Amino acid sequence: MDEQRKKAFDFAQETSKQLITLATGVIGLTITFGKDFVGSVHGFPRYLAVLSWALLLASVAFGLLTLMALTGSLEPAAGDPAAPSIRGGNVTVPAIIQVLLFFLGLLLAVLFGILAG
């Protein structure tokens, strides 16, 4: 495999890992300090916080799927003549979903902060 293809896999892997790290960090921080600001909030803003956590958790799950798909793409099935690529649907679909869920979760967390503040 050429260097450019190796770099593409490295960057795709790092992007997915960074989003997993950020999502788990946001979940961890907001749950850790949640009693201070979520406990006293009721109604729609509280629903936003819980939905944000769910979306961020789903983002982590799709990030793990992306990493597994990248690994599978590096070692194609026996007899498959295709060169390893990050552009296959097995990688791009979970990666796109991961990014969308992450930004939606982050957006809802920000909206929660605005409405609860």
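Tutor: A residue is called buried when its relative accessible area is under 20%, exposed when that area is over 50%, and partly exposed in between, using a 1.4 Å probe and protein chains only. The structure is a predicted model, in which local features need pLDDT of at least 70 and side-chain atom pairs count only at pLDDT 80 or more, while totals for chains, interfaces and linings use all residues. Residues are numbered from 1 along each chain as its sequence is written, and side-chain values use heavy atoms, with hydrogens and water left out.

Let us begin with S16. This residue belongs to helix α1, residues 3-32; helices are DSSP runs of H or I with at least four residues, numbered from the N terminus. With a relative accessible area of 2%, S16 is buried. Apart from neighbours within four places in sequence, S16 is in contact with G63, T66, L67 and Q98, where contact means heavy atoms within 4.5 Å.

We turn next to the pair α1 and α3. Their axes are 9 Å apart and the helices pack at an angle of about 160°; axes are lines fitted to C-alpha atoms over the stretch in contact, and angles run from 0 to 180 degrees between N-to-C directions. That angle makes α1 roughly antiparallel to α3, a term for angles over 145 degrees. The contact of α1 with α3 comprises 15 nonpolar residues, seven polar and one charged. Here Ala, Val, Leu, Ile, Met, Phe, Trp, Tyr, Cys and Pro count as nonpolar, Asp, Glu, Lys and Arg as charged, and the others, Gly among them, as polar. Among the residues that α1 brings to this contact are F9, S16 and I31, and those from α3 include W53, G63 and L67.

Helix α3 (residues 44-74) also packs against helix α4 (residues 89-116), at an angle of about 160° and with the axes 7 Å apart. These two helices are therefore roughly antiparallel to each other. Their contact divides into 25 nonpolar residues, eight polar and one charged.

Finally, consider N90, which is placed in helix α4. N90 is partly exposed, its relative accessible area being 42%. Leaving aside neighbours within four places in sequence, N90 is in contact with A69 and S73. The side chains of N90 and S73 are joined by a polar contact of 3.2 Å, that is, a pair of N or O atoms within 3.5 Å, of which, within protein, one must be able to donate a hydrogen and the other to accept it, while residues adjacent in sequence count only if both atoms are side-chain atoms.

Conventions
Parallel < 35°, antiparallel > 145°, perpendicular 65-115°, else oblique.
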